[in-house]
Amino acid sequence: LVRSRGLGDVYKRQVLRRNHWVRPAIFDWLQHAGAVTDDEMQRVFNCGIGMCVIVAPSQAHAVIDRLTAAGEIVSDIGSIQARPQGEAATVITTVD
């Protein structure tokens with residue numbers, strides 16, 4: 001689940017919190033066996049993120065409850081924010 005206040009005309013970026021989803025062990029193996037950097041892993045592979053649902057922050061809890069009730073595993077992994085000019089479109093952080 002990614003929270004967003006709307007995409008609008010402003011350039012946006014996704015800020016994902018790495019410690020909010022479980023990265024399957026296969027990605028650790030791939031990274032180690034191929035000597036792949038963190039940046040390259042995040043650029044090339046989904047690292048365990050399956051489907052993302054982008055919702056308004058005010059609807060996040062209701063969507064989480066509904067998806068969980070349907071048997072889905074749900075993680076609130078980030079947000080969509082304004083992107084400062086010249087900065088990356090995706091930021092992966094361990095900071096909440």
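Mentor: A disulfide is a pair of cysteine sulfur atoms within 2.5 Å. By this rule the count is zero disulfides. Please note that this is a predicted model, in which local features need pLDDT of at least 70, side-chain atom pairs count only at pLDDT 80 or more, and totals for chains, interfaces and linings use all residues. Residues are numbered from 1 along each chain as its sequence is written, and side-chain values use heavy atoms, with hydrogens and water left out.

Trainee: Is Cys47 buried or exposed?

Mentor: Cys47 counts as buried, at 4% relative accessibility. Buried means under 20% relative accessible area, exposed over 50%, and partly exposed in between (1.4 Å probe, protein chains only). Cys52, with 39%, is partly exposed.

Trainee: Where is Cys47 found?

Mentor: Cys47 is in the loop between α2 and β3 (54–55); helices (H or I, at least four residues) and strands (E, at least two) are DSSP runs, numbered from the N terminus. Its phi is positive, near 50°, in a residue other than glycine.

Trainee: And what about the phi of Ala35?

Mentor: Ala35 also has a positive phi, of about 50°, although it is not a glycine. Ala35 belongs to the loop between α1 (25–33) and α2 (38–44), and is exposed, with a relative accessible area of 68%.

Trainee: Changing topic, which ring does Arg18 lie over?

Mentor: Arg18 lies over the face of Trp21, at 4.9 Å from the ring centre. A charge sits over a ring if NZ of Lys or CZ of Arg is within 6 Å of the ring centre and within 35 degrees of the ring normal.
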